[in-house]
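Please examine the structure displayed below with the sequence beside it.

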Amino acid sequence: MRITNNMVSDRVISDLQSQYAQLANTQLSISTGRRVNNPSDDPTASSQERMRLSQLEGIQSAQKSVATSQTWLNQAEASISGVTDVLARAKEIATTGANGSYSQSDRNALANEVDQLIKAAKESLNAKVGSDYIFSGTKSDTPPYSTATGDAYQGDTGAVVRDGGAGTALQNNPSFAALGGTSEPLTAQSVLGNGSASGDGRVLDALTQLAAHLRGGTTADVQALGSSDLTALENNRIAVSNATSAIGAMSNRATAATSRLEDLEDGAKTSIDDLTGVDMAQAITDFSTQSAAYQASLKVGAQIIQPSLLQFLS
């Protein structure tokens, strides 16, 4: 077989193009930090990467959900602390008002303070996170109490449950032992109740009764201040303490979920990197070797075919 000059030139150019493509691919891997930049580079790894990326998106979505739950729980704890302060002050007022040396004028002034405590308690549980009222159950677009509706609770008793990842559910309004011993999701109703009209004995009812006994001024009213009113306030304090404990327990679960999701995220990212990432040290070594081989090929080729073409390729 006769080997013509054109055959030699074609073979040299083909080899140079192949070497250049390999060199460019290695350079791309170094610049992107990825071994697989196109599905054709490694179809199996590319397919598995898509699966891992989908898993990673699910994990990161759960992380956002858990972060939101933690924010709700932090705000709920702060708001419930406000109710605890209200009850503590109300007990001081009840004890003071039961003192026989106090005048009716003094008791009226104490009753006015209780009226303000009632407003403070409702304002505490009208708390919002973003645009959501966190003590309205699933009716988070509705304030628990408003001026127009007085002490009547406007939310519902639904549980607000969010995804905590890996099969975990977080209840933003955790259930607790409310006044009366029933387990109820944490809402303004389960803590403050529906006021004196309902006679439910909860915070608003207890405070309203306290104010009424302070203003009543009869012997029976004064006796109630030191007995039934104090008992009602103490029972509500215990219920509010139960709510605080429930918030703390759920907050611990959220913290554990956050840690678990961070581990899962790290694992997913490592898996993706193992599938498609590049060994940078090896890639740089390969690039150096391939570059040297390409330059050597250009020099050899220049001795075989027309220099002008090799100059163009170099």
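Helix H6 (residues 219-226) and helix H7 have axes that come within 3 Å and cross at roughly 30°; the two helices are therefore roughly parallel to each other. Angles under 35 degrees count as roughly parallel, over 145 as roughly antiparallel, 65 to 115 as roughly perpendicular and the rest as oblique. Axes here are lines fitted to C-alpha atoms, for helices over the stretch in contact, and the angles run from 0 to 180 degrees between N-to-C directions. Helices themselves are DSSP runs (H or I, at least four residues), numbered from the N terminus. Ala224, Leu225 and Gly226 in H6 meet Ser228, Asp229 and Leu230 in H7, where contact means heavy atoms within 4.5 Å.

The model is predicted, so local features need pLDDT of at least 70 and side-chain atom pairs count only at pLDDT 80 or more, while totals for chains, interfaces and linings use all residues. Residues are numbered from 1 along each chain as its sequence is written, and side-chain values use heavy atoms, with hydrogens and water left out.

Helix H7 covers residues 228-276, and Met250 is found in it. Met250 is buried, with a relative accessible area of 10%; buried means under 20% relative accessible area, exposed over 50%, and partly exposed in between (1.4 Å probe, protein chains only). Not counting residues up to four places away in sequence, Met250 touches Leu73, Leu170, Gln171 and Pro174. The C-alpha atoms of Met250 and Asn172 are separated by 7.8 Å, although these residues are 78 residues apart along the chain.

Ile272 also lies in helix H7 and, at 11% relative accessibility, counts as buried. With residues up to four places away in sequence not counted, Ile272 touches Glu49, Arg52, Leu53, Leu56 and Gly277. Ile272 and Asn236 are 36 residues apart in sequence, and their C-alpha atoms are 53 Å apart in space.

The next topic is the nonpolar core, defined as a set of buried Ala, Val, Leu, Ile, Met, Phe, Trp, Tyr and Cys residues joined through side-chain atoms within 4.5 Å. The largest such core has 54 residues, of which Phe135, Val191 and Leu192 touch the most other members. Helices H2 (43-97), H3 (104-125), H4 (188-191), H5 (203-216) and H7 each supply at least two residues of this core. H2 gives the most, with 14 residues. Val191 has contacts that include Ile80, Val83, Leu125 and Phe176, not counting residues up to four places away in sequence. A second, separate core of five residues includes Val12, Leu16, Leu23 and Tyr294.

Tyr294 belongs to helix H8, where Ala283, Gln290, Leu298 and Gly301 are buried as well. H8 (residues 280-304) has 25 residues and reaches 36 Å from its first C-alpha to its last, close to the 36 Å expected at 1.5 Å a residue. The expected span of a helix is 1.5 Å times one less than its number of residues.

Charged side chains form another set of links. Side chains of opposite charge can pair when their charged atoms come close. A salt bridge is a side-chain nitrogen of Lys or Arg within 4 Å of a carboxyl oxygen of Asp or Glu, and by this rule the count comes to 11 salt bridges. One of them joins the side chains of Lys91 and Glu234 (2.6 Å, N to O). Lys91 lies in helix H2 and Glu234 in helix H7, so the pair ties together parts that are 143 residues apart in sequence. Lys91 counts as partly exposed at 23% relative accessibility, and Glu234 is partly exposed at 23%.

A further salt bridge joins Glu265 and Lys269 (3.4 Å, N to O). Both residues lie in helix H7, four residues apart, about one turn of the helix. Glu265 counts as buried at 13% relative accessibility, whereas Lys269 counts as partly exposed at 42%. Salt bridges that share partners also join Arg89, Glu92 and Glu113 into one network.

The side chains of Arg35 and Asp42 meet in a salt bridge as well (3.1 Å, N to O). Arg35 is partly exposed, with a relative accessible area of 36%, and Asp42 counts as partly exposed at 22%. Arg35 is in turn one of the contacts of Ser29, along with Arg34, Asn37 and Val278, leaving aside neighbours of Ser29 within four places in sequence. Ser29 is found in helix H1 (residues 5-32) and is buried, with a relative accessible area of 8%.
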